[in-house]
Amino acid sequence: MNEIVIKTDKLTKRFGNFIAANEITFEVKAGEIFGFLGANGAGKTTAMRMLCGLSKPSSGNATIAGFDIYKETEKIKKNIGYMSQKFSLYEDLTVIENIRFFGGIYGISDKQINEKSNTLIEQLGLKNETKKLVASLPLGWKQKLAFSVAILHEPKIVFLDEPTGGVDPVTRRQFWDLIYSASDRGITIFVTTHYMDEAEYCNRISMMVDGVIKALDTPTNLKKQFSADSMDEVFFELARGAKRKGD
Amino acid sequence: MRILRFLLQKEFKQIFRNKSLLPMIFLMPIIQLIVMPLAADYEVKNINLSIVDHDHSTYSQKLTSKIISSGYFILSDYGNSFKNSLQQVEQDKSDLILEIPQGFEKNIVRENKQKLFIAVNAINGTKAGLGGAYINNIIFNFNNDLRNDWIQSMRYNQIPTIEIVSSNWFNTFLNYTFFMVPGILVVLVTMVCIYMCSLNIVKEKEIGTIEQINVTPIKKFHFILGKLIPFWVIGVFIFSVGLFVVGRLVYGIIPVGNAGLVYAFLSLYLIAMLGLGLLISTYSETQQQAMSVAFFFMMVFLLMSGLFTSIDSMPEWAKIIANCNPVTYFIEVMRMVVLKGSNFSDIKNHFIIMTGFAVLFNSWAILNYKKTS
């Protein structure tokens, strides 16, 4: 279990004079749930987009699932799943059509798609909704569906960008159950969030302030380090020094 | 191929579920083809004529009835004051004033010579020019009739006259719709393709699904083909409805040339235009942006294509623009093949140029479409 699946070395992204992500260096081990925290505008999404191959780094190196972030982006894409801040399934397709489509473009065989969609629908309790347009589902269900679709092709790593924004606490718990079960299957979870209770669920977390990683450890160790009772306090302690205004 | 199948399935499902797109695909072409050609008629009719008659003689009556019976003019006013008639022009009730001076008949009979005065409201240049030309022609004929009357009564013919007999080829009855319908059909197909293709892709950018596609191992080439093929099919469909249903049933236009040739050119043309749509979408972030850019191109394409105005009479610089306009070539091909029955060797150059456009737009678009920013 100690295989390293994400390794970055001074990864930097500049937009003109603005340095969105500044020399980010960290490692994530296989099967880990890695929390990526920071205030709005701290550079989390930028960093994540670089790791997914959506955005070219300005400098620095990184390997994802053993592939180089510059030269082997297409190989990386086969091995990762991604769920963005914006809901990104097709709202004008039904539940089952979305599953089939994303399964299909990852090259999963028809037989496997059928099997997987059956178990997935069972698991999410969407049996009566399979033929409904995704647009008509409540947000919480959409997010759970989006996550399940993102890991449909059994990627090594899945990147989740604020997956539970605007979702009620019960559904958030269910969402984390899904994350745990994916993690148990050996999928590495890389997640950004603003909810500090969710931060506690992570194996390790990193705190990003103004494009720089200010702290990186397990939640327990971080609390000890900042002699805080909760992750909330740790967050305040670190984010207080931020110069950038949130967006 | 399997990935392409999934992409196409998805695209077609989305198109058929889109409630604003379907009417655009099916209704707009039919309505436009039925309404526009009837209105876009260059023949000038219904010219309002005001006659100032100071003579009130048999000849002035004869001239008046000859002009009115031509069918191009409506007598809006008949009086004996030029001032009144000018007021009519000022109020836009008349387009043309014909002044018949006092002693019109007397002077013709006695002195073989008489002058008439025509005043034209030249705000609408086409109407004024043609109206003036028509009335000149009628007066000239009237003059000839008079001359023949007089000369024949003298029983010998002194003046040799040249009579011109003309025959209209390819559009015997100068039916304006024959000229317009093939051209409007081209504009229609162009519009639907550029708009739909660019808006469709930009919509995916706006709602963020393109991001989800970009993190998959899907190839650029597959994604683009998945976008182009559905709209190519729709383009061919609209064209066929326009040509064979509306064109034939409503206007009685039956292609003189080989329809297969038209379709071959259409296929190539659609690839070029969809490439342009794709190119617009790669530069636009929002649907408004794409719409404005597409609208700009459509305006230039429409006005600089020789659809309404003849390219030959454009100034040199405008000819250059018209020659860089893909729509120009398809309109030419349509008019040549559908009306004249031209064959492949006549439009070989058009094929070569259109291939150039297709390669240019598509390779530019593919280069500019990036999965990674």
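Across the interface of chain B and chain A, the rule finds five salt bridges, a salt bridge being a side-chain nitrogen of Lys or Arg within 4 Å of a carboxyl oxygen of Asp or Glu. Before I continue, a word on the basis: this is a predicted model, in which local features need pLDDT of at least 70 and side-chain atom pairs count only at pLDDT 80 or more, while totals for chains, interfaces and linings use all residues. Residues are numbered from 1 along each chain as its sequence is written, chains are lettered from A and ligands numbered from 1 in the order in which they are written, and side-chain values use heavy atoms, with hydrogens and water left out.

Let me stay with the interface. One salt bridge joins E97(A) to R17(B), with the closest N and O atoms 2.7 Å apart. On the side of chain B that touches chain A, α1 (2-17), α7 (176-207) and α8 (209-214) each supply at least two residues; helices are DSSP runs of H or I with at least four residues, numbered from the N terminus. The largest share of that side, nine residues, comes from α1(B).

How many residues of each chain are in contact? In total, 27 residues of chain B meet 34 residues of chain A, where contact means heavy atoms within 4.5 Å. The area buried between the two chains is about 2,700 Å², and carbon and sulfur atoms give 54% of it. Here buried area is the accessible area (1.4 Å probe) that two parts lose on being put together, summed over both. In chain B, Q212(B), V215(B) and P217(B) lose the most area to chain A, together 23% of what that side buries.

I turn now to the surface of chain B. A nonpolar patch there, including F16(B), F26(B), F237(B) and V250(B), has about 990 Å² of accessible area together. Its members have over 30% relative accessible area and no salt bridge, and nonpolar side chains (Val, Leu, Ile, Met, Phe, Trp, Tyr) are joined within 5 Å; the areas come from the Shrake-Rupley method with a 1.4 Å probe. Helix α2(B) gives the most to this patch, with six residues. V250(B) lies in helix α9 of chain B.

L126(A) sits in the loop between α4 (110-124) and α5 (139-150) of chain A. Not counting residues up to four places away in sequence, L126(A) touches V95(A), I121(A), W141(A) and L145(A).

Conventions
Patch = residues over 30% accessible without salt bridge, like charges linked within 9 Å, V, L, I, M, F, W, Y side chains within 5 Å.
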